[in-house]
Amino acid sequence: MGYVISFHQLRVLTRGWRVSAAVTLIAFLTAFNPSLHGQSGNSSQSASTPKAANTSSPAIFVTVFPQNVSLFVGRPQQFTSHVFLSTNSAVTWAVNGVNGGNATSGTIDFTGLYTPPSQVPAKPGIIITATSQADPTKLATVSARVVAQVTVTPPSDSLHVGESAQLSATVLGVTNTLVTWAVSGVTGGNTTVGLISPTGLYIAPVAVPRPGMLTVTATSVADPTEPGVAGLKIYGAKMLTLYPASVDVLEGGKINFQYHTNVYYRSTQNSYKPIVRWIVNGVAGGNSTVGTITAFGQYLAPLAQQTVTVTAESAVDPAYTATATVRVGQVAGQKAAASLIDTMTKVRPYDVITGATTINLAAAAQEYADWQVLVTGVSEDLTGVDVAVSDFRDSRGNTISQSNATIYLEKYLNIANPSRLHGSDTGEWPEPLIPKVDPFVHETRNAFPFNVNRISPAYRKIPITTGGASINSGIGDGTASSSGVYTGTAQERFDIIVDGPGAVGAATFKWSTDGGVTFRGLRVPTSINPISLSDGVRVSFRPGGVVGVLDFNTGDTFWIHAGPLRNQPVWIDLYVPQATPSGDYTGNVTVSQAGKPPAILPVNLHVYTFTLPATSSMRSLFEMSWTTLTQAHYLLGFGPQTQVLGELYGTACLINRITCGSPPFGPIYSYNSNGTIASADYRAYDAALSPLANGTATPHGETLTSIKMGSMGTNETKQFFSIQDLLAHLASKGWRTRLLDYSSNEPHYPADFVALMKRASLVRSVDNSLRTLATTGISNFNFTTVGYISRYVASWMALGLKDYQRGPSASLPAFYQKRLAQGDELWWYDSCVTHGCSGNGGTPFMDNYPALIADTSAVMNRVWGLMTLVPYGAAGMFYYDTTYAFSQYYRMAQPRIDAWDSIYYYGGNGDGTFFYPGRPANIGGTTHIPIESLRLKHIRDAMVDAEYGLKLIAQGDRAFLETNVLNLASDIFTYDGDPAAWIALRKTLGQKIK
């Protein structure tokens, strides 16, 4: 009936990988019980073994939030009440015993919105009371304090060493408006953090202070309770550099340059003007002879060999320039077919890259050492290419077995719509990683051996909406294929566009090699037989198989890429087991191909003396719905495969050091008439959660760092007692400290914040220590979430604001310091804002921001790891989804858009998608598995970067960490784009760890 599970999914697997028949049976049964599908349930017909019935009749009780907060003169504060065990939730609000309050102590309306008095009262401590209208003997009180509001202007600024800024303070609520100024806790500042005068004139120090971001406070002399806060970013001496500084490119090829500068407009100017201007051989923007360069730094090489100079000139101060040398079309001699490179470089098929015959790596125990094998066909195609890894041995006879290595083919994904202007590009990008032998069920897949053809496959260009999403509207179901042997000398893209609809043979096409400016061969009939285009490239067509859908519709477009060389990268992960002795190990990578002798490439690995924890020390939550897994793999909304796939995907996340989502199998509760718990069944919940929470399903005992609480119960009383029961259950399992409530997703409007406060206060009514998380920042203008949210999750662009463009910000790290000191946490996340949520992200607004998208550099995918600690001090990482394209595929009518064809959603390639459905039909083998993305590996390595930083902090070397990170990164959009610099930094940190 659609819920068949294969033997391969039930079998007991080696190395701790197991899915028990009992667990699978529970999962199977839930498919037929709707109350088991979600994290709530009211069914009394469950198969649970209920607890003893709760026959007591607890009385009505009331809770009020927030607790122990400061109430700023001139700023309203929303209080929230809950009345449990009553159908009447109405309360009467009072301030200091006066219903509705008064002008002296402040007023409060029927919704709980408190308005402070205009002056701090003589007795600033007040009591807010909420009294149940259903039972006036039941009430709750919270203590609060009316305080002067001190506001610092501007709330943020960015300065270079030695520069000055004038700050001012406004004080409301007291007659004495004098303030005392301090910098990072030092009254008047000092030569290390900078000096500030009694009038607020700040002078930056002559060297960048650690961690590069400072907190300036203005404390009211009359009421020192709540100082006003401003954040300052201090940059080093002005500079501008360019990456790459020297590069080769094919004729007709492209290079994305990244600038690194701290020469910005002053923060108070709010300028969206360009930061740099681009020049080629002295010509602004270049020309067709020397090559052109866009306003966002993408260079298009001409069709003639030459060497040119690309210059980036500061648009803020033209005295600062940087140059790069570009050699066009000068690929010298017969390049080695096989070489080794680092993993901080993304290899595109027609990049001119020089690898090495050996590589030196370093890793800790319980870390994955990783590198790439670069296989390149220059002026020839390669066939039958295979890659193998040997054991690694040291001089003392210690061995790291080759069984710890996973070899992945980096499959290319065609990008038809770039995510953003700066750093992105159309064409092929390495993205899905298909393992030679998968690390989950250890089956051999079909990725190896492989061929390297200088002519790419024919890719369908997937249409998109104006809102930035892949769609299947109007496309046919037919496909195209490429063939031939390339004879051209330049990099080319062949656009094949259907100009007459119909079946194969009846449909016609036209084609272009200049992006559709001009066309050749108009109205050429499609054929299953290859049709010659030019330079040895041929195209053929195949019919689709969807009833009622044409093979080809007018406008259907296919891209074929070609060039005189083609790269095929291979990614290798080598897990260093926990018990591995430190020292220097050597192994080999062997690259074989048909008709040629194998290439043997040495790999040197230094194993450090320290060991990483198997589970990430930095908590995370990357959302993932288990039901989307069955949707993408089996086109089923739900089934017994959900449990199997959920465990496999959850494991894939954990071995990449992130926690993904939660099982769809929630606790099942039945309730007494008053809303208390009558019985609770946790069997399906535990069966789904235990293998990942306890690490019994993962290869090295990796465990979840976060457990997301679902929505339980149909009213607040049922929710309260359900959460209470759940907490007790999780405590018995040892999982309690990992629980969090995702209380709100990106609230924007007043109603969103009211809902956030209602949910968070209900959760914390059960246990005030329970972590409540919301993807929102903190600011002087939105203090309503203080006391409600304990994990602030700010986006990279909010926490690392380009305030010189959008103006001074009250959401920078300085504004979190007091909350963090009181036990709250700061997490952060990458949102679609870093690349543009509905199309190409504009420049310079989004320039240089990291982004977890496919079509950007490895540095941009990874650089955030260390910056989590320095300079931002975040404690965790959040992301809204990991399999978004899976659900879109399931919801579409045929012909569906598979993740293998496009992951373009919310204006970004890979926004919300970090996996590909590993169906046997796609990857070989017999078992469905997750296919990891290249970006997932960069996320893992970023988390390891942070792990190194945490070890340095733990051993007392925070200053060393901060100094070395600040040498490369001032903030999240001001950092060195050179991969070699970040590789060197990682080694510097590793060598310091004891």
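Which residues touch the most other members of the largest nonpolar core? They are F257, Y299, W371, V373, L605, W828 and W982, in a core of 198 residues. A nonpolar core joins buried Ala, Val, Leu, Ile, Met, Phe, Trp, Tyr and Cys residues through side-chain atoms within 4.5 Å. Buried means under 20% relative accessible area, exposed over 50%, and partly exposed in between (1.4 Å probe, protein chains only).

This is a predicted model: local features need pLDDT of at least 70, side-chain atom pairs count only at pLDDT 80 or more, and totals for chains, interfaces and linings use all residues. Residues are numbered from 1 along each chain as its sequence is written, and side-chain values use heavy atoms, without hydrogens and water.

A second, separate core has 21 residues, including L159, W181, V193 and I196.

Now the sheet. Five strands form an open sheet in the order 34-36-51-40-41, with antiparallel pairing. Strands are DSSP runs (E, at least two residues), and helices are too (H or I, at least four), numbered from the N terminus. Two strands pair if DSSP finds at least two bridges between them. Strand 34 (338-341) and strand 41 (427-435) stand at the edges; each has a single partner strand, so one side of each lacks a neighbour in the sheet. Strands 40 (405-415) and 51 (565-575) pair over five bridges. I407 has I572 as its bridge partner in strand 51.

Most residues other than glycine have a negative phi, and most peptide bonds are trans. Here are some exceptions.

| Site | Value |
|---|---|
| T843 to P844, cis | omega near 5° |
| Q894 to P895, cis | omega near -5° |
| S379, positive phi | about 60° |
| D535, positive phi | about 55° |

S379 counts as exposed, at 54% relative accessibility. D535 counts as partly exposed, at 30%.
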